[in-house]
Amino acid sequence: MLDMILTDYTLQIVSLGSALLGIISGVLGSFAVIRKESLLGDAVSHSALPGIALAFLMTQSKRTEILLLGALISGLLSTFIILSIVKYSRIKFDSALALILSVFFGGGIVLLTYIQKIPNANQAGLENFIFGQASTLLKRDIQIMGILGVVLITLIVIFWKEFKIVSFDSDFAESLGFSTKKITTLLFIMIVTAIIIGLQTVGVILMSAMLTAPAVAARQWTDKLSVMVVLSALFGAVSGVIGTILSSLVSKLPTGPMIVIVISIIVIFSLCFAPNRGLIWKYFRNRKKERTINEDQVLVNLYRLAMNHEDLNHSHNISIIKPDKSMTVKSAKELTKKLESLGSRGLAKKDYFNKWAITEKGLEYVENYFKKEEL
Amino acid sequence: MSPQMEIQIIAVIVAVACSLPGVFLVLRKMSMMSDAITHTILLGIVIGFFMVNSLTSPFLIVGAALMGVITVFLTEMLNNTKLVSEDSAIGIVFPLLFSIAIVIISKYASSVHLDTDSVLLGELAFAPFNRMKVFGIDIGAKAIYSMGGILIINLLFVIIFFKELKIATFDPALATVLGFSPALIHYSLMTIVSITAVGAFESVGSILVIAFMIGSPVTAYLITDNLKSMIILSGLIGGLNGILGYQLASFLDVSIAGSMAVMTGVVFLLVFIFSPSRGLLTIVSRRKRQKIEFAGKSLMFHIYNHEGKEEEALESGIYTIKEHLQWNEKFLKLIIKELKDKEKIYIKDDIIKLTESGREYAIKSYEEIVSGF
């Protein structure tokens with residue numbers, strides 16, 4: 001397998017392309033996800049289709065840069081229309097997305113069927129943009145992707161502070177005197193460009209996943225935007241390369257969907273295992289919290305008993321410690337376990353007859369607890 | 001019946017059937033769910049196909065509808081972890097399910113007729129070839145009956161559960177208090193959406209399903225405030241889009257489904273711009289009028305504030321006032337002209353002065369603003 005990667009020229013080109021795509025969409029996707037605009041990717045990529053078809057109709061050329069320019073223009077136009085609809089009517093963002101997505105895609109299909117009717121038009125390959133056809137990537141395409149990628153990432157670095165602030169709190173940005181309108185527009189243009197770059201590889205339908213998934217996965221591992229952007233680029237690149245290699249190892253596996261499956265697995269893994277935010281961590285943390293809360297309750301009961309008897313060392317049987325609920329064998333066991341745990345924390349003590357009492361330290365803990373509650 | 005007629009009938013039936021659940025998707029801010037569902041039903045069809053090995057079995061429709069509901073469920077599960085926002089959850093779930101479907105198709109099903117293009121794009125032109133026969137007698141295109149059935153189901157659903165749908169959409173809390181679960185209504189609606197999408201994609205393709213589900217309700221939403229009239233209007237608009245789209249397609253000899261989506265966009269655009277109550281033209285002119293009115297009031301407050309004081313000549317002087325209001329010259333001239341025409345102000349010795357009615361008006365509107373707080 002390794003020497004296949006090292007020797008197969010097409011595979012190298014395609015892997016490099018997918019990696020570049022992963023990096024670019026990972027970086028720009030981070031901003032889209034934070035701004036809750038990840039579905040914009042879906043709308044823009046579908047809306048690129050009529051642009052591609054029109055570019056071909058007007059120039060009769062299938063050069064990547066011309067087709068992508070057409071895609072870029074129609075992608076930007078669709079974004080502009082979506083934002084205008086939201087601004088000038090009561091229609092919500094999601095409805096505007098769905099509407100424009102289907103209308104533009106329908107327009108693209110109309111143009112594609114129109115092109116098919118033109119005699120001598122060598123239109124074969126235009127439909128590849130719908131599902132993506134990574135294997136058709138040429139060295140020139142990679143160069144275009146590379147140049148665009150460098151431009152986009154340089155812009156991100158230059159306007160880092162501005163992009164960060166409009167992504168998190170654009171009202172605050174405005175109050176600081178940033179021109180949010182210009183910065184947001186620039187960011188939109190860059191996100192649309194990133195989407196267009198991916199069309200050839202993963203196609204209009206799956207491009208939204210490339211924009212969303214790496215960023216969502218990266219988000220789980222960190223709370224810092226800079227780390228998130230780098231991680232997201234890394235996840236994007238890794239899934240691009242692995243997806244490409246998998247699809248070439250097994251015959252008839254399409255590249256775009258394989259990349260999406262790989263990045264989705266990374267997302268699921270991140271959701272489960274990322275420290276702090278991950279579901280598994282959360283589960284254990286919740287259990288621990290539940291346990292301490294229950295232990296606190298037991299301790300408060302001990303405290304009340306001690307207060308009633310006005311004697312700290314007066315010990316009690318477990319059936320008295322938890323008087324409010326009927327005791328079963330199971331809950332008695334649990335209660336003993338909690339008391340043991342309280343004992344090991346030095347908050348309660350056991351006497352020779354297996355009876356329990358609160359300690360000085362336990363008293364202090366409970367009193368502090370109530371004080372905190374009062375605050 | 002001629003095939004052309006049949007195609008248009010199918011288009012109208014599909015449009016109306018889609019717009020019924022679509023109205024509620026739009027109102028519940030779940031429009032993009034239609035996008036997700038129309039894509040993931042492909043996986044349901046693929047899995048169903050491998051289980052029964054037939055493309056005509058009704059089992060496929062069941063599988064696909066189930067997959068639509070699963071999509072909604074997965075999206076909500078992901079959203080409920082609070083780790084992923086709702087839009088990102090949709091953006092992750094449906095591409096994954098769709099990718100799995102495409103991988104399975106390209107790996108195993110390339111020998112059978114199950115290609116992704118027809119799912120996405122559909123071809124209405126072929127619908128009349130698929131005939132419905134009862135005892136060997138041709139009684140019309142199959143799609144008319146299958147979509148007609150779905151239309152009836154949707155109609156019954158909306159009519160029977162109209163009150164429940166309405167309350168669950170506009171006030172979920174009230175729905176819970178009244179004793180019916182919003183979740184149940186939600187999943188019933190999603191099942192209806194999935195079944196409709198499955199039925200419709202065969203004839204028109206999944207993208208057009210979105211256009212019909214969202215496009216016509218959104219257009220109707222711009223015209224009316226009443227839920228009942230919104231449902232009826234979106235059905236009418238959907239039917240109109242279908243017929244116009246067919247005419248366009250046969251005129252240009254292009255994809256029928258695509259043309260219908262385009263016509264949906266055109267009709268929406270016209271309503272968006274020209275709708276009398278909330279059209280773009282109305283809104284822009286209303287905003288402009290409000291701006292002028294507000295600026296007029298500001299100018300009068302300014303003059304009133306400096307009336308009779310030492311600095312009046314400077315603050316309210318016709319050549320210097322623009323420095324104090326920080327307006328551009330053209331705008332200032334427009335406002336002054338407006339107010340002069342209404343005889344609220346007059347100019348004396350190059351100083352702007354309030355007329356008697358102007359002063360009264362300024363005081364009255366100032367009090368209105370203050371009492372508003």
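Start with the largest nonpolar core: 190 residues, in which A:Leu97 and B:Val14 touch the most other members. By core I mean buried Ala, Val, Leu, Ile, Met, Phe, Trp, Tyr and Cys residues joined through C-beta atoms within 7 Å. Buried means 20 or more other C-beta atoms within 10 Å of the residue's own, with C-beta atoms placed from the backbone. Helix H10 of chain A, residues 180-221, gives the largest share of this core, 23 residues. Helices here are DSSP runs of H or I, at least four residues; strands are E runs of at least two, and both are numbered from the N terminus.

A caveat on the source. This is a predicted model: local features need pLDDT of at least 70, side-chain atom pairs count only at 80 or more, and totals for chains, interfaces and linings use all residues. Residues are numbered from 1 along each chain as its sequence is written, and chains are lettered from A in the order in which they are written.

Back to A:Leu97. Beyond neighbours within four places in sequence, A:Leu97 contacts A:Leu39, A:Leu40, A:Ala43, A:Ile82 and B:Met32. Contact means C-beta atoms, placed from the backbone, within 7 Å.

Now the interface. 54 residues of chain B contact 49 of chain A. On the chain B side, H4(B) gives the most, 14 residues.

Last, the hairpin in chain B. Strands S3 (345-348) and S4 (351-354) run antiparallel, joined by four bridges; pairing takes at least two DSSP bridges. B:Ile345 is bridged to B:Leu354. Two residues lie between the strands, and B:Asp349 takes a positive phi near 50°.

Terms used. Buried ≥ 20, exposed ≤ 12 C-beta atoms within 10 Å, placed from the backbone. Contact = placed C-beta atoms within 7 Å.
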